[in-house]
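Hello,

Here is the structure we spoke about, for your own work on it. My notes on the ligand site and the pockets follow below it.

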Amino acid sequence: MNLQCFNLEIQDGWALLEMARPEKLNVLDGNVLRELESILETLKAQKVKAVVLTGQGKAFAAGADVAAMAEMDCHEATLFSALGNRVFQGIEDHPAVFIAAVNGYALGGGCELALACDLRIASEQATFGQPEINLGIIPGFGGTQRLPRIVGTARAKEWIFTGKRFSAQEALNAGLVSRVLPPEQLVPEARTLAEELAKKSGPILSLAKQAIAASGTGVSSRHGEQEAEYFGKCLDTEDGPEGLKAFVEKRVPVFNDR
Ligand code: COA
């Protein structure tokens, strides 16, 4: 596979998938999302049973591409959110078990990408957050649907409404990650876990994943479509475009409640 935004190493029954644009803090734009979607198909075709997903550099992923979103109208934003939701749903519905090894910043779409994975372990240096509210938008890649299911509505609302960042330790306390490790142990530990899972039966692992999703904790494409509609509406306000433009211009946004 000729990849521009990722490195993919397929091993015996498992894979290491790295977001490989450290200079861009692994920001998620349309090209990254479409490449990820095609990688998901390859992993399926290769019958990979476990995937370690991590980021190169200081970020897991610093979110969706704000500069690109600042140019979008309501319709384009709805489509962008629908694309992110579809690709992340592809992880949730994938037969393989995805392990997010969160190495650094997991903000906005980066946090949502980790939420779409089955297991999450974090480096002590990881920082999480859904800062969209400060940009005049809402999470658009599944965060409004997955965060409450994973950490409960009270915490999810606090994090989404305030946009504040939280540490790996806070993520552990909230049940968002299952382990926090020194940075140098993060990927080795995730690889060991993936190797262990690759020794199980692939179809049975996949059935276990589907059964757990059916418990009511899973998100379906219908949820993503609804979120995309609300996300698009943010761009139909005055405050949405102002928040995004302010980020690009490196200034504090002026919200007028319109
Ligand atoms: N979209 C577009 N560009 C982004 C980005 C994003 N989500 N996150 C970072 N960048 C860009 C910055 O604008 C900067 O560009 P420049 O070099 O042209 O000025 C570059 O990436 C490096 O970021 P910088 O802010 O200088 O790095 P930092 O180490 O000081 O801070 C972060 C890192 C992650 C804390 C900070 O970049 C940040 O807050 N990013 C936005 C996170 C966010 O709100 N994500 C949700 C989007 S919905």
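Helices here are DSSP runs of H or I with at least four residues, numbered from the N terminus. With that numbering, helix 9 provides the largest share of the lining of the second largest pocket, at six residues. Please keep in mind that this is a predicted model.

Ligand site

The ligand is surrounded by 17 residues. The closest are Lys58, Ala62, Ala64, Val66 and Lys250. By class, this shell holds 11 nonpolar residues, one polar residue and five charged ones.

- Ala64: a backbone N or O atom lies 2.9 Å from a nitrogen atom of the ligand.
- Val66: a backbone N or O atom lies 2.9 Å from a nitrogen atom of the ligand.
- Lys250: a polar side-chain atom lies 2.7 Å from an oxygen atom of the ligand.

On its own the ligand exposes 860 Å², and 64% of that is buried by the protein. Helix 2 (66-69) and strand 6 (105-107) are the elements that give two or more residues to the shell.

Largest pocket

Which pocket does the ligand take up? The space it takes is the largest pocket. That pocket contains about 720 Å³ of space, and 35 residues line it. Nearest its centre are Ala62, Ala64, Val66, Leu135 and Phe247. Ala62, Ala64 and Val66 are also among the residues closest to the ligand.

At least two lining residues come from each of helix 2, strand 6, helix 4 (109-116) and helix 11 (239-248). Helix 11 gives the most, with four residues. The lining divides into 22 nonpolar, seven polar and six charged residues.

Second largest pocket

The second largest pocket has a volume of about 450 Å³. Its lining consists of 20 residues, and Cys117, Asp118, Ile212, Ala213 and Thr217 lie nearest the centre. Helix 4, strand 7 (119-123), helix 5 (143-151) and helix 9 (202-217) each contribute at least two residues to this lining. Helix 4 likewise supplies at least two residues to the lining of the largest pocket. In the second largest pocket the lining comprises 12 nonpolar, two polar and six charged residues.

Regards

Terms used. Residues numbered from 1 in each chain as written. Predicted model: local features only at pLDDT ≥ 70, side-chain atom pairs only at ≥ 80, totals over all residues. Heavy atoms only, no water. Near = heavy atom within 4 Å. Polar contact = N/O pair within 3.5 Å; in protein donor to acceptor, adjacent residues only side chain to side chain. Areas by Shrake-Rupley, 256 points an atom, 1.4 Å probe, with all protein chains shown as cover. 1 Å grid on protein atoms, 1.4 Å probe; cavity = no way out; pocket = protein on both sides within 12 Å on 5 of 7 lines; lining within 4 Å. Sits in = over half its atoms within 2 Å of the grid points. Nonpolar A, V, L, I, M, F, W, Y, C, P; charged D, E, K, R; others polar. Points joined across faces, edges and corners; volume = space filled by probe spheres on them.
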